[in-house]
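Please keep the sequence and the structure in view while reading.

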Amino acid sequence: MFDNLSERLGGILDRLTRRGALTEADVDAAMREVRRALLEADVSLDVVRSFTDKVREQAIGATVVKSVTPGQMVVKIVHDELIATLGADGQTIDLNGVPPITIMMVGLQGSGKTTTTAKLARRLTERDKRKVLMASLDIYRPAAMEQLAVLGRDLDIQTLPILAGQKPEQIARRALEAGKLGGYDVVLLDTAGRTTLDNEMMSEAANIKAAARPHEVLLVADSLTGQDAVNLARSFDERVGLTGIVLTRVDGDGRGGAALSMRQVTGKPIKLIGTGEKTDALEDFHPSRIAGRILGMGDVVTLVEKAAANIDAEKAARTTEKMRKGQFDLNDMREQLLQMTKMGGVSGLMGMMPGVAKMKNQIAAAGLDDRIIKRQVAVIDSMTRQERKHPDILKASRKRRIAAGAGQKVEEINKLLKMHRSMADMMKMMATGKRGALAGIAQA
Ligand code: GDP
């Protein structure tokens, strides 16, 4: 998610970090890039405008404090503003109230509504230990009803028996009744979608809402549809009233503008994201993580969590400490590269690794991901211990020797060193940032 945006902002950051002070011209140049990047990420124009205005205002007013580069200042401001726009953490499904808690799912056909209903049912059953009943209200497509029933059987979660000839509101009432009688904690209503936004769908949803009085009305929206998804959210919110949004197909979304726009336009929180076709591919939405990813600083929180399952804790602590002190050397980088291949999907991790996000497109285009990593490891392996610890001693003759040793061109060595430098810089920033140093930048 957000690869293009992170590349752009990464570019701005690189240029700004080479300057001495933050001038109005710097800020304007940066904001032009931010604006362009956001537009390309399919963020709506209004949202882009208000976002860059806010950032600009703060950036020009801010004094660049000692030990911090102008680039870091801007990044911090953009980072904070992204989080503010995306909303606070911890907006989850509201399960408080007299059971059965009713959750109504709305959205266009094909948005992933039925799949998301099953995903949510599974999560509520397995993680929250609730007894869940699912009901399909899609009377127009018997196949959709059957789809939910099949998912229910697979997951061992009850679905309301299908009765022909009932209206959606009647099915909703029957589901609530069954929920009460059967001692269910949660009733999920999967409503019918249409292929386009139309009045009938809206009024049907409004009728169901009036009949079922749900605790939550969740819009399921396909993040790949960008602006259309934003308009959809706005209309549903005006006509039916939403309590939250579930963004699906985030796994395939390279632009991600929908998340930013939807939140800003509707004011409704994105509560969950769908990250795959399987019923366990549902995650909480973390604005802070997304903001980190947007900035190309890597999603360190997620990365660390994933890595924790694979790396031994002591090693991780050592690396973190080194990162914090800015001592991330080529040995550490080699370690990280190997971890990436070990953890299977390089591409999944790519977006989270500081600095690496930038290379993702080239890598994907060449279809070479794991091979590139192996090559980089080979380059590092051709270096002496001294060189790995102190990459700055690598001048032309050493580079030629290493290149020959690894069977690569000198160009490869330079690329690797550049990547290492940006990883080291960003890691240092993020490592300290985890203890509030991103905030600390302003106060230092
Ligand atoms: P509905 O018509 O809105 O009920 O849509 P479905 O639930 O039938 O989903 C349509 C297709 O999207 C199915 O093939 C799903 O497997 C797929 N799908 C749903 N959510 C996601 C997601 O988060 N990521 C991916 N990659 N596919 C998804």
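The points below are grouped by topic, from the whole chain to single residues.

The structure is a predicted model, in which local features need pLDDT of at least 70, side-chain atom pairs count only at pLDDT 80 or more, and totals for chains, interfaces and linings use all residues. Residues are numbered from 1 along each chain as its sequence is written. The protein chain has 21 helices and eight strands; these are DSSP runs numbered from the N terminus, with helices (H or I) of at least four residues and strands (E) of at least two.

**Overall packing**

- Of the 444 residues in the protein chain, 46% are buried; a residue is buried if 20 or more other C-beta atoms lie within 10 Å of its own, exposed if 12 or fewer, and partly exposed in between, with C-beta atoms placed from the backbone.
- Among contacts between residues at least 6 apart in sequence, 77% join residues at least 24 apart; two residues are in contact if their C-beta atoms, placed from the backbone, lie within 7 Å.

**Nonpolar cores**

- The largest nonpolar core has 79 residues, and Leu-188, Leu-189 and Ile-245 have the most contacts inside it. A nonpolar core is a set of buried Ala, Val, Leu, Ile, Met, Phe, Trp, Tyr and Cys residues joined through C-beta atoms within 7 Å.
- Helix H2 (residues 24-40) gives the most to this core, with six residues.
- Domain 1 (3-86) and domain 2 (101-285) each supply at least three residues to this core; the domain bounds come from an automatic or database domain assignment.
- Apart from this core lies another, of 17 residues, including Phe-328, Leu-337, Ile-413 and Met-427.
- Leaving aside residues up to four places away in sequence, Leu-188 touches Ile-103, Met-105, Thr-117, Leu-120, Ala-121, Val-132 and Met-134.

**Surroundings of the ligand**

- There are 18 residues around the ligand, and Gly-112, Lys-113, Thr-114, Thr-115 and Gly-274 come nearest. A residue counts as near a molecule if its C-beta atom, placed from the backbone, lies within 6 Å of it.
- Helix H5 (residues 113-126) contributes the largest share of this shell, three residues.
- By class, the shell has one nonpolar, 13 polar and four charged residues; Ala, Val, Leu, Ile, Met, Phe, Trp, Tyr, Cys and Pro count as nonpolar, Asp, Glu, Lys and Arg as charged, and the others, Gly among them, as polar.

**Annotated span**

- An unreviewed UniProt entry lists residues 269-282 for "domain: SRP54-type proteins GTP-binding". UniProt positions are given in the numbering used here, feature names are shortened, and annotations may be inferred rather than shown by experiment.
- In the model, residues 269-282 are 0% helix and 43% strand, and the end C-alpha atoms of the span lie 16 Å apart.

**Backbone features in loops**

- The peptide bond from Pro-99 to Pro-100 is cis, with omega near 0°. Pro-100 lies in the loop between helix H4 (70-86) and strand S1 (101-106).
- Lys-129 has a positive phi of about 55° although it is not a glycine, and is found in the loop between H5 and strand S2 (132-136). Lys-129 counts as exposed because it has 8 C-beta neighbours inside 10 Å.
- Asp-156, also not a glycine, has a positive phi near 65°, and lies in the loop between helix H6 (142-155) and S3. With 8 other C-beta atoms within 10 Å, Asp-156 is therefore exposed.

**Individual residues in helices and strands**

- Gln-158 is found in strand S3 (residues 158-159) and is buried, because 20 other C-beta atoms lie within 10 Å. Gln-158 and Leu-133 are 25 residues apart in sequence, yet 5.2 Å apart in space, C-alpha to C-alpha.
- Ser-235, in helix H9 (residues 227-239), has 17 other C-beta atoms within 10 Å and is therefore partly exposed. Not counting residues up to four places away in sequence, Ser-235 touches Leu-197 and Met-202.
- Ala-206 lies in helix H8 (residues 199-212) and is partly exposed, with 15 other C-beta atoms within 10 Å. Ala-206 and Phe-236 are 30 residues apart in sequence and 9.3 Å apart in space, C-alpha to C-alpha. Ala-206 touches Arg-239 and Val-240, again not counting residues up to four places away in sequence.
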